[in-house]
Amino acid sequence: MADEEDESPETELSYDQKKEIAKWFLLNAPAGEINYVAKDLKAVLSDEEVYNEAAMEAFPVYNKSHMICLEMPNRAGDVIVSSYSEITENEYLDPRTAQVAIVDHVKQICTNVRPADDEELPSSYIEEFRCALDAEIQRYVGESYPKGVSAVNCVKGKDADGPGTDFELVVIIAAMKLSPQNFCNGSWRSVWNIDFQEESQVLDIKGKLQVGAHYFEEGNVELDAKKEFQDSTIFQSADDCAIAIANIIRHHETEYLAALEVAYSKLPDNTFKDLRRKLPVTRTLFPWQNTLQFSLTREVEKELGLGK
């Protein structure tokens, strides 16, 4: 009776606690898998209101961080959902077609599209540099990334109407390979900030790469690799700048990919052997399903080779 009285009932999680836990699972879903997580989460929660609020808060953050690409209605083009193309919470600019896509984040679809307003687009002077760089990046992505997508956005100084003003362009590259039937999904995301400094005639280039992979056949192995780069080149004409920037991006990304391939070619001989759970000195697995028959002290001594 005393033991039964001492047992305290399980504490029910609050609404906010449930929502935050649900958001955590959604936000940490691997590339291309948030809808699978959402489906299971909805069933586990058994609370439509908690799920809906968690999804409304988590999906926009997930979509932007993974830079998902959505097809616009009537085959008007594609738009990359990112913080660099965001106009409002549900509106995203496609600078290549000068259109704004209205996005349903939870359904991950474009529901409508409209022409971009003049104030949402860069000046003709900036557009010359943006368009030239976009063409070079498209060429590079087409050669290097199957099903890869890219965009070049102006994030600073877009109103500059001629030489003498600094501005900043951002190159976004995203590629995904989803093969859930083979229990494997992967993604490549890179963001390159190019700061055009007119006075010093220098272009400062900063890059961030993120590579993700998830393998889940009879296990759960996930890769999340990140790398940052810094480089520079001289301020030239729009076409020459575009070629120089694309070559720098190509160099760093190719070099990083080669380094990854070398590192992971050594996994079977090094890393996986270190991760693998070794058998005890008895060369047999411990029978966890029938532990009551063992004396803990005696078995520990045996495993450590201390027994007589």
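A contact is taken here to mean heavy atoms within 4.5 Å of each other. Among the contacts of the protein chain with a separation of 6 or more, residues 24 or more positions apart account for 53%. The structure is a predicted model, in which local features need pLDDT of at least 70 and side-chain atom pairs count only at pLDDT 80 or more, while totals for chains, interfaces and linings use all residues. Residues are numbered from 1 along each chain as its sequence is written, and side-chain values use heavy atoms, with hydrogens and water left out.

The protein chain contains 8 helices and 11 strands; helices (H or I, at least four residues) and strands (E, at least two) are DSSP runs, numbered from the N terminus. Of its 308 residues, 36% count as buried, where buried means under 20% relative accessible area, exposed means over 50%, and partly exposed lies in between (1.4 Å probe, protein chains only).

A pair of aromatic rings is described by the distance of the centres and the angle of the planes. Rings of Phe, Tyr and Trp (its six-membered ring) pair if their centres lie within 6.5 Å; planes under 30 degrees apart count as stacked, over 60 as edge-to-face and the rest as tilted. By this rule there are 14 aromatic pairs. The rings of Tyr-125 and Phe-129 have centres 5.4 Å apart and planes at 70°, so this pair is edge-to-face. Both residues belong to helix H5 (residues 124-144), where they are 4 residues apart, about one turn of the helix. Tyr-125 and Phe-129 are both buried.

Phe-196 and Phe-235 also form an edge-to-face pair, with 5.7 Å from centre to centre and 75° between the planes. Phe-196 lies in strand S9 (residues 184-197), whereas Phe-235 lies in the loop between strand S11 (221-234) and helix H6 (238-265), so the pair ties together parts that are 39 residues apart in sequence. Phe-196 is buried at a relative accessible area of 1%, and Phe-235 counts as buried at 10%. Elsewhere, Tyr-140, Tyr-145, Trp-188, Trp-192, Phe-229 and Tyr-256 form one aromatic cluster.

The next topic is empty space. Rolling a probe the size of a water molecule over the atoms shows where empty space is left. On a 1 Å grid over the protein atoms alone, a pocket is an open set of points where a 1.4 Å probe fits, with protein on both sides within 12 Å along at least five of seven lines; lining residues have an atom within 4 Å of a point. Grid points are joined across faces, edges and corners, and a volume is the space filled by probe spheres set on the points.

The largest pocket has a volume of about 1100 Å³. It is lined by 42 residues, of which Ala-175, Met-176, Lys-177, Gly-186 and Ser-187 are the closest to its centre. Elements that give two or more residues to this lining include helix H3 (34-45), strand S8 (167-179), strand S10 (202-215), H5 and H6. By class, the lining has 25 nonpolar, 12 polar and 5 charged residues; Ala, Val, Leu, Ile, Met, Phe, Trp, Tyr, Cys and Pro count as nonpolar, Asp, Glu, Lys and Arg as charged, and the others, Gly among them, as polar.

The second largest pocket holds about 400 Å³ of space. Among its 19 lining residues, Tyr-84, Val-191, Lys-208, Leu-209 and Gln-210 are the closest to its centre. Helix H4 (48-65), S9, S10 and S11 each supply at least two residues of this lining, and S10 gives the largest share, 5 residues. The lining of the second largest pocket divides into 5 nonpolar, 7 polar and 7 charged residues. Domain 2 (69-117) and domain 3 (122-271) both contribute to the lining, so the second largest pocket lies between them; these bounds come from an automatic or database domain assignment.

Tyr-84, one of the residues closest to the centre of that pocket, is also in contact with Asn-153. Asn-153 is found in strand S7 (residues 149-156) and is buried, with a relative accessible area of 3%. Leaving aside neighbours within four places in sequence, the contacts of Asn-153 also include Ser-85, Leu-93, Pro-95 and Glu-168. Ser-83 is placed in the loop between strand S2 (78-80) and strand S3 (86-88) and counts as partly exposed at 47% relative accessibility.

Most residues other than glycine have a negative phi. Asn-74, however, has a positive phi near 60°; Asn-74 lies in the loop between S1 and S2 and is exposed, with a relative accessible area of 78%. Phe-183 likewise has a positive phi of about 60° although it is not a glycine. Phe-183 lies in the loop between S8 and S9 and is partly exposed, at 33% relative accessible area.
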